[in-house]
Amino acid sequence: MARLDNGQTFPTLEVPRTGGGTLRLPDEFAGHYGVVLIYRGSWCPYCTGQLVAFQRATDTLTALDVRVAALSVDDEPTTRALVDKHHLAFPVGHSADAEQVAALTGAYLNDDRRHLQSTGFVLSPDGSVLNAVYSSGAIGRLAPEDVAGLVRFRRSRA
């Protein structure tokens, strides 16, 4: 399983979308900056904190034309409860196939209590990877302030 490098096109990922339909990445962001948050599960306080932080940063990210989506291996009822509890307005996918996502993105897999470790990607409007953050455990993840700073920097250089 190879990690994604900057400049590579983000692979096509499809998972069920909470509330119905399919979350298709990177198509979800077509023509916009995108953030893909692969989180361990609703049971992880670090993951929940990250998702809430991105929700709080919605106005800042929207003003920068950044869209966010998240996914995990959690089932739909568990994911729906997380979305409702924290009022997450961005798309959240559920029931991801851990092996498939790991094979496509290089995310670390946890064998005991099967799940994906926290992995985050910032994508350019053309769907290529601008930054990838791989965690092999509970800590180490993208922060919305860093995403905003990266997008501001890229825009200043354009």
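## Strand pairing in the sheet

Strand 3 (residues 33-38) pairs with strand 4 in the parallel sense, over six bridges. Two strands are taken to pair if DSSP finds at least two bridges between them; strands (E, at least two residues) and helices (H or I, at least four) are DSSP runs, numbered from the N terminus. This is a predicted model, in which local features need pLDDT of at least 70 and side-chain atom pairs count only at pLDDT 80 or more, while totals for chains, interfaces and linings use all residues. Residues are numbered from 1 along each chain as its sequence is written, and side-chain values use heavy atoms, with hydrogens and water left out.

Strand 4 (residues 66-71) is mostly covered, with five of its six residues buried. Buried here means under 20% relative accessible area, exposed means over 50%, and partly exposed lies in between, using a 1.4 Å probe and protein chains only.

## Sheet order and packed helices

The open sheet has five strands in the order 5-4-3-8-9, and its pairing is mixed. Strands 5 and 9 are at the edges with a single partner strand each, so one side of each has no neighbour in the sheet.

Helix 1 (residues 45-56) packs on this sheet and touches strand 3 and strand 4; contact means heavy atoms within 4.5 Å. The direction of helix 1 makes about 160 degrees with that of strand 3. Helix 5 lies across strand 3, strand 4, strand 8 (119-123) and strand 9, and runs at about 155 degrees to strand 3. For these angles, axes are lines fitted to C-alpha atoms, for helices over the stretch in contact, and the values run from 0 to 180 degrees between N-to-C directions.

## Cysteines

How many disulfides does the model contain? The count is zero, with a disulfide defined as a pair of cysteine sulfur atoms within 2.5 Å. C44 is in no disulfide, and its nearest cysteine sulfur, that of C47, is 3.1 Å away. C47 likewise is in no disulfide, its nearest cysteine sulfur being that of C44 at 3.1 Å.

Both residues of this pair are covered. C44 counts as buried at 1% relative accessibility, and C47 is buried with a relative accessible area of 0%.

S135 is found in the loop between strand 9 (129-134) and helix 5 (144-157). The residue is buried, with a relative accessible area of 3%.

The S135 side chain reaches two backbone oxygens: that of G137 at 2.7 Å and that of I139 at 2.5 Å. A polar contact is a pair of N or O atoms within 3.5 Å; within protein, one must be able to donate a hydrogen and the other to accept it, and residues adjacent in sequence count only if both atoms are side-chain atoms. Leaving aside residues up to four places away in sequence, S135 touches Y108, Q117, S118 and G140.

## Salt bridges

A search of the whole structure finds five salt bridges, each being a side-chain nitrogen of Lys or Arg within 4 Å of a carboxyl oxygen of Asp or Glu. One of them joins E14 to R24, with the closest N and O atoms 3.3 Å apart. This pair links distant parts of the chain: E14 lies in strand 1 (residues 13-16) and R24 in strand 2 (residues 22-25), ten residues apart. E14 is partly exposed at 45% relative accessibility, as is R24 at 38%.

E28 forms a salt bridge with R17, the closest N and O atoms being 3.1 Å apart. E28 sits in the loop between strand 2 and strand 3, and R17 in the loop between strand 1 and strand 2, eleven residues apart. Relative accessible area is 22% for E28, which is partly exposed, and 26% for R17, also partly exposed. Elsewhere, the side chains of R114 and D111 meet in a salt bridge at 2.1 Å, N to O. R114 is partly exposed at 35%, whereas D111 is exposed at 62%. These two residues and E99 are linked in a network of salt bridges.
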